[in-house]
Amino acid sequence: MATGRTHRPATRSRGIPEATVARLPLYLRALTALSERSVPTVSSEELAAAAGVNSAKLRKDFSYLGSYGTRGVGYDVEYLVYQISRELGLTQDWPVVIVGIGNLGAALANYGGFASRGFRVAALIDADPAMAGKPVAGMPVQHTDDLEKIIDDNGVSIGVIATPAGAAQQVCDRLVAAGVTSILNFAPTVLSVPDGVDVRKVDLSIELQILAFHEQRKAGEESAEAAAVLPPAARAAGEDRKGPDGDVPAVMPA
Ligand SMILES: NC(=O)c1ccc[n+]([C@@H]2O[C@H](COP(=O)([O-])OP(=O)(O)OC[C@H]3O[C@@H](n4cnc5c(N)ncnc54)[C@H](O)[C@@H]3O)[C@@H](O)[C@H]2O)c1
C-alpha cells in the first residue's frame, strides 16, 4: 500500500514563496554546520553570510516561518534547524528510487548525504537485465519490469531519473503512473508531467555555462578597469603594446 504518494510539501499550502523555499536548504546547510560546532545562536548577518544570502532577505524568509529571532541574541540554531527541517518535510522519511544505475545513478546511490537528510534510497532500478541483482551501494539493482510494484511496496513519492535522455520521458511516465509525484531529473531533456507532479532538473553543464558567463564578464571588467586607470596618453600608447592576440598588457599600479 503506497503511503508516500499523497504527501505534498506543506510549504505551498502555507503560502511560502517558491524563492523562499529554494533558499531554505541553504539556511539549513549553514545552520547544520553551526549546530555541528555546537554554536547556540547566530545573528541574521552571520547566517546570511554563511548561506550566501542578503540578510534582509533572510529576515523576510524567516518571517514566513514565524521566526523573528531575539534582538541582541539572534536566532536559536537548534530551533531553526528543526523549524526549517519541518517546513521542508525533512522530519519524515522520504523513500526515493533511482532509475538508471550507470555512472551517475551508482554515484548517487553511494552518496551518504541523502540518508542523513531524510531521503532513504529505497530501490535502484535499471533496464539492463545484466544488472539485475547486482549490488550497488549495498543494494541489489532491480529490473524496470518491477518498477510499479517497487513504487507501491515502498510508498515512494520521489523518483530520481539518471537514464540516458532518450529513455527519460518513458521512465517519467511510468513513475508518475505508479504514483510518484516528485521527480529529480538528471537526464538532459525536458520532461512533460501532468499537473500536481513536480520536476526539478539538475544539469551541471548549465551551471558550468553560467560560471563561464560570469568568468567572461569578470575578465571584461578587469580589462575595462585596467584601461580606466591609464592616463589618456598611456591608453593611446597601449594600443601599440597590445599582444599578438589583441590582449592589453596588465597595468601595474605606480
Ligand atoms: N545532470 C547532470 O549534471 C548530469 C551529469 C552527468 C550525467 N548526466 C546524465 O545522466 C544520465 C546518466 O548518465 P551516466 O553517465 O550515468 O550514463 P550511463 O550510460 O552510465 O547509465 C545509464 C543507465 O541507464 C540505464 N537505462 C537505460 N534506459 C533505461 C530505462 N528505460 N529504464 C531504466 N534504466 C535505463 C542503462 O542500463 C544504464 O545503466 C545521462 O542522461 C547523462 O546525460 C547528467
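The axes are lines fitted to C-alpha atoms, for helices over the stretch in contact, and the angles run from 0 to 180 degrees between N-to-C directions. Helices (H or I, at least four residues) and strands (E, at least two) are DSSP runs, numbered from the N terminus.

The model is predicted: local features need pLDDT of at least 70, side-chain atom pairs count only at pLDDT 80 or more, and totals for chains, interfaces and linings use all residues. Residues are numbered from 1 along each chain as its sequence is written.

**Exercise 1.** Classify the packing of helix H2 against helix H3.

*Solution.* 
Step 1. Two packed helices are described by the angle between their axes and the distance between the axes.
Step 2. For H2 (residues 18-36) and H3 (residues 44-51), the axes cross at roughly 105° and come within 9 Å.
Step 3. H2 and H3 are therefore roughly perpendicular to each other.
Step 4. Leu 26, Tyr 27 and Ala 30 of H2 meet Leu 47, Ala 50 and Ala 51 of H3; residues are in contact if their C-beta atoms, placed from the backbone, lie within 7 Å.
Step 5. The residues of this contact of H2 with H3 comprise 6 nonpolar, no polar and no charged. Here Ala, Val, Leu, Ile, Met, Phe, Trp, Tyr, Cys and Pro count as nonpolar, Asp, Glu, Lys and Arg as charged, and the others, Gly among them, as polar.

**Exercise 2.** Classify the packing of H3 against helix H4.

*Solution.* 
Step 1. The axes of H3 and H4 (residues 55-64) are 8 Å apart, at an angle of about 105°.
Step 2. H3 and H4 are therefore roughly perpendicular to each other.
Step 3. H3 contributes Ser 44, Glu 45, Leu 47 and Ala 48 to the contact, and H4 contributes Ser 55, Leu 58 and Arg 59.
Step 4. By class, the contact of H3 with H4 has 3 nonpolar, 2 polar and 2 charged residues.

**Exercise 3.** Describe the residues around the ligand.

*Solution.* 
Step 1. The ligand has 24 residues around it, of which Gly 100, Gly 102, Leu 104, Ala 167 and Leu 204 come nearest; a residue is near if its C-beta atom, placed from the backbone, lies within 6 Å of the molecule.
Step 2. Helix H6 (103-110) and helix H9 (165-177) are the elements that give two or more residues to this shell.
Step 3. H9 gives the most, with 4 residues.
Step 4. The shell divides into 14 nonpolar, 7 polar and 3 charged residues.

Notes: Parallel < 35°, antiparallel > 145°, perpendicular 65-115°, else oblique. Contact = placed C-beta atoms within 7 Å.
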